[in-house]
Amino acid sequence: MRLAMEQARRVEAHADVPIGAVLLDPAGAVVAAAGNERELSADPTAHAEVLVLREAARARGSWRLDGHTLVVTLEPCTMCAGALVLARVDRLVFGAYDPKAGAVASLWDVVRDSRLNHRVEVTGGILEAECGQLIVDFFTRHR
């Protein structure tokens with residue numbers, strides 16, 4: 001989670017919301033790391049989670065990321081939760097809960113919906129206060 005937090009801190013240079021993600025392979029090695037780049041790239045899909053999934057899929061030469069673990073500082077939104085299911089990621093570890101847009105525990109549970117063809121194991125609340133403070137501090141400075 002600390003690596004994901006480092007990624008989150010890096011994006012403040014280009015005024016993106018500080019959310020960071022790291023994808024680990026089955027052995028626990030870092031495959032990809034990124035922070036949000038929506039503002040930097042003017043791309044509404046440039047969430048940290050999507051960026052690491054794209055990078056890992058390119059590196060592996062496959063969209064199937066089974067056996068991998070995504071670590072992210074904030075509970076994923078519906079787009080990112082759906083991407084985790086589609087990429088067949090085995091495990092999700094996230095920091096702060098997102099009561100306004102969280103699609104893993106707060107508003108929905110996309111990644112464990114039994115109607116879908118893949119389910120993701122979830123661990124939430126890791127370094128929750130620290131991850132949440134990154135977001136609070138960002139919006140305090142930008143409002």
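## A phenylalanine pair

Let's start with F138, which counts as buried at 5% relative accessibility. This is a predicted model, so treat every value here as computed from predicted atoms. F139 is partly exposed instead, with a relative accessible area of 28%; the cut-off for buried is under 20%.

The rings of these two, F138 and F139, sit with their centres 5.0 Å apart and their planes at 85°, so the pair is edge-to-face.

## The other ring pair

How many aromatic pairs does a search of the whole structure find? It turns up 2. Besides F138 and F139, there is the pair of F94 and Y97, also edge-to-face, at 4.9 Å centre to centre and with 80° between the planes.

Here, F94 counts as buried, at 0% relative accessibility. Y97 is partly exposed, its relative accessible area being 36%.

## The nonpolar core

Now for the largest nonpolar core, which has 41 residues. Those with the most contacts inside it are L53, L70, L84, L92 and V111. Helix 3 gives the most, with 5 residues.

Which residues does L92 touch, leaving aside those up to four places away in sequence? The list is L70, V72, P76, L84, V104, V120, E121, V122 and T123. Two names there, L70 and L84, are also among the core residues with the most contacts.

Technical notes: Residues numbered from 1 in each chain as written. Predicted model: local features only at pLDDT ≥ 70, side-chain atom pairs only at ≥ 80, totals over all residues. Heavy atoms only, no water. Core = buried A, V, L, I, M, F, W, Y, C linked by side-chain atoms within 4.5 Å. Buried < 20%, exposed > 50% of the residue type's maximum accessible area, 1.4 Å probe, protein only. Helix = DSSP H or I, 4+ residues; strand = E, 2+ residues; numbered from the N terminus. Contact = heavy atoms within 4.5 Å. Phe/Tyr/Trp six-rings, centres within 6.5 Å; stacked < 30°, edge-to-face > 60°.
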